[in-house]
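Subject: Structure to look over

Hi,

Here is the structure I promised to pass on.

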Amino acid sequence: MPIVDRGRIAAALPGQALGRELGSGAFGLVLAARQHDLHRDVAVKVIDLGAAGPSPALRAEASGAHPLTGLDHPHLSRTYAVIAVERLLLVVTELVPGGSLERQNLSPQAACAVALGIADGLAHAHAVGILHRDLKPANILFTADGQPKLTDLGVVAFAEDSGLTAGRIVGTPQYLAPEQITGEALGPPTDLYALAATLYELLAGAPLFGAGRAAQDLFRHHCEVDPPAPPGVPAPVADLLRRTLAKRPADRPQSAAEFAISLAEAAGRGYGPGWLETAGMPLHVSAALRALAVQPATPGGEVDPDATFRRPPDATLTPLPGQPEVDQAAAAQPAAAITALGPDGTAAADRTRFLWPEVAPETAAVSDAAAGQPGDAAATALITPGTTRTSEPPSAVQGPPTRTRRSPRRRTVVPIVVVVVVLAVAAAVVLPRTLGGKETKTPVQAQATLAPAGPTAPPTVHPAADSGPLPTPTPPSFPVVAIAGTGQAGFAGDGGPAAQAQLDHPYGPAMDGFGNLYFADFDNNRVRRISPDGTITTVAGNGQPGFSGDGGPATAAMLNKPVAVAIGPGGTLYIVDTFNMRVRQVSPDGIIQTIAGSGERPWNPADDGGPATNAALWYPSGIAIDSAGDLFIADNGNDIVRRVGVDGIITTVAGRFGYGSWGDGKPATQAMISKPFNVALDRQGRIYIADSYNHKIRRIGLDGVIETIAGTGVAGYSGDGGKATAATLRDPRGVTVDAAGNVYITDSGNNRVRRIDTAGIITTVAGTAPPGSKSTDTSATALRPDGPVAVDNAGHLFVASRAQNRIVRIDLSG
């Protein structure tokens, strides 16, 4: 993506103040913006369509009301405007602040609820002829209250309209339907294949065909290999996944409405009639679909999709820009066959494509009081991909007539060029709604053309040579003991033994000089303390999510999803009140005050040099304090690290506009980082950063220069016994330095705690759950760590095993 003229973009968007860059990808970049007259934050997707720019048809649609702007569904991200500016296309969309699905850790019921809502939204889009074509976890985002929304509708079509994708396979290899690879016609079943692959991954805890496969290997698997049945998934749900992942589109559910109905019933039979309420997911679907989820139809009975979802008789199907008009009469027919072309472009008598009948949901935005608060329940099963059986190469694919232009030459060869659409990162610039760790799926690219260049580009990702499952090294031998939490999510036990208390997804602990252990009890909206005798108490938060209480007792104040704590000089407690976008302080006498954060989000460089309480923080997630009392804050959503001096003045010490991994060997304020989750200090005053999305640990020296001390930038689990800079990490979300200078890494995506000794050698000290998995093993050794660890003078590590709702102690002395 070339450097864009922000002034020209701003001129095309009057009344909107452009903010920082939120992300970039194969087709463009995304900027934050504020619409002052409407008092709302938006994302502006800047799509570079090449020298030719938008086609005349697209320019004509952009000058009026584009079809995308008419889509209004509670599980689709709103598109407010589509504007053509010379060679650029500006797509102004809703800014969805709750993070992406790819970093969630959901219960099976919640995963099915997400898929149900997205399917309902797809039915709405498909009814007007709009396919997604790059559906994946990264394109499913959450609102602040946890409502899932599908984003990036139309982006692939815009790029295709410009000719940028000619001769290329467009999409993310892990989720491509076979017909996208072979060049056959696309239709609603194409999006449903990707949605089923996404749901499979959520339920199985592993990608459809395992992690680490190169693009060409994934192409072969999608076209020729049947995926293994996901063990532990109820038979009705597993059967629906099997059908929706069929190689031939004609063998899959033929509409998103049909899939939604089948999923509602299958989940009801597999997880029980109350599964939707158990999911705790704010869902807005039709009353009829909700009723099916609560009371499935009689097994074996027929389900008539039209009884629930019906396209109004006067509804029309609108083609995408520059694409052929839809034959409304033909579209109304249930199975109007047309002749398909063979590989040579001629008619093939033995090939048939079908026109898929489009149906639109009569969607009612039902306010569900029973949905409850969004939560991050531990996963129910670890799935290790079993032996797959290779089927015969698929026969001629039967599918609906394409609504997008496709080149006949794509039928003769599988290209090696993959264009991965990654604009959705724009709306996922903040922490997940539950800040749950999960395997980070960096899309594998075979010859990544059209990728952005320069310091704003994400790190280069090389496909793994070994396409097999990741090995699990010998488990560490250090004893691990649970010291707090029963394993059951909840709130109970204050005043009693911590081991008998209930916690709700705690984050990394901190220890004071008297042996008291403090931790953020995230979903309980509290900070709790474990005294040396093992008694647990609440020291901040009344349990209700919100913002209140400054100037009064901390136990009467409202917190909102705190993520980190630290202890400062004199015993002052500091709390990262993440969803309030603030850092708060509790004095030794128990009074709470805000010391940083105004409640606003996007970084404004003009804030630097002013009072920290006037500055914007965006989902801060980590904190460290030096001996002088200066605070260092991981400003996660803004991709920077901030410093608040004892005088209350805030400055930026690492990062700048945008995200990336560029800048080692240069001043940290010129470098780029990506979702810093935690910060730490050593005795010399050097700053350590858990650069989570870059899969690295970075350090800022006393001269202000940044360097990488662990991780290659590629997600993985390797390197123990060697130099930490040659090892691979996966989504590190905690870093701590002990008095001797050893660095402890919470390698969250690998379910491990690792240590870098003073010679720079990395080893694993805790964790036995398979890397990248959502293990259901409840033993203390199979911990699921998140946030920084705490270290005491006796050689003990204290770790928040967040998905197990426990705090554990690791005895490094053996």
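Helices (H or I, at least four residues) and strands (E, at least two) are DSSP runs, numbered from the N terminus. With that in hand, take helix H7, residues 215-224: it is mostly covered, with 7 of its 10 residues buried. Those buried residues are Ala215, Asp217, Leu218, Phe219, His221, His222 and Cys223.

Some housekeeping. This is a predicted model, in which local features need pLDDT of at least 70 and side-chain atom pairs count only at pLDDT 80 or more, while totals for chains, interfaces and linings use all residues. Residues are numbered from 1 along each chain as its sequence is written, and side-chain values use heavy atoms, with hydrogens and water left out.

The whole chain

The chain has 814 residues, and 61% of them count as buried. It holds 13 helices and 35 strands. Its accessible surface comes to about 27500 Å², with 54% of that belonging to carbon and sulfur atoms; these areas come from the Shrake-Rupley method with a 1.4 Å probe, and for residues only the protein chains shown count as cover. Contact, here and below, means heavy atoms within 4.5 Å. Of the contacts in the chain with a separation of 6 or more, 61% come from residues 24 or more positions apart.

A helix pair

Two packed helices are described by the angle between their axes and the distance between the axes. Helix H6 (residues 188-204) packs with helix H8 (residues 235-244) at an angle of about 145 degrees, and their axes are 9 Å apart. The axes are lines fitted to C-alpha atoms, for helices over the stretch in contact, and the angles run from 0 to 180 degrees between N-to-C directions. Which residues meet there? From H6 come Leu192, Tyr193, Ala196, Leu199, Tyr200 and Leu203, and from H8 come Val237, Leu241 and Thr244. The residues of this contact split into 8 nonpolar, 1 polar and no charged (Ala, Val, Leu, Ile, Met, Phe, Trp, Tyr, Cys and Pro count as nonpolar, Asp, Glu, Lys and Arg as charged, and the others, Gly among them, as polar).

A residue with an annotation

UniProt, in an unreviewed entry, lists Lys45 under "binding site". UniProt positions are given in the numbering used here, feature names are shortened, and annotations may be inferred rather than shown by experiment. Lys45 sits in strand E3, residues 40-48. Is Lys45 buried or exposed? It counts as buried, because its relative accessibility is 5%. Not counting residues up to four places away in sequence, Lys45 touches Leu29, Val30, Leu89, Leu90, Val91, Thr93, Thr151 and Asp152.

Two positive phi values

Met581 is not a glycine, yet it has a positive phi of about 60 degrees. Met581 is in the loop between strands E18 (573-577) and E19 (582-586), and it is buried, with a relative accessible area of 6%. His695, also a residue other than glycine, has a positive phi near 55 degrees. The loop between strands E26 (687-691) and E27 (696-700) is where His695 lies, and at 2% relative accessibility His695 counts as buried.

Pro532 lies in the loop between strands E15 (526-530) and E16 (536-540). Pro532 counts as exposed because its relative accessible area is 60%. Leaving out residues up to four places away in sequence, Pro532 touches Phe514, Gly515 and Asn516.

Ala564 is in strand E17, residues 564-567, and is buried at 4% relative accessibility. Ala564 and Phe519 are 45 residues apart in sequence, while their C-alpha atoms are 7.2 Å apart in space.

Ala501 belongs to the loop between strands E12 (480-484) and E13 (510-511), and Ala501 is buried, with a relative accessible area of 0%. Its C-alpha atom is 9.8 Å from that of Thr537, 36 residues away along the chain.

Arg806 is in strand E35, residues 806-811, and is buried, with a relative accessible area of 14%. Setting aside neighbours within four places in sequence, the contacts of Arg806 include Ala482, Thr486, Leu503, Thr778 and Val799.

Cheers

How values were computed. Buried means under 20% relative accessible area, exposed over 50%, partly exposed in between (1.4 Å probe, protein chains only).
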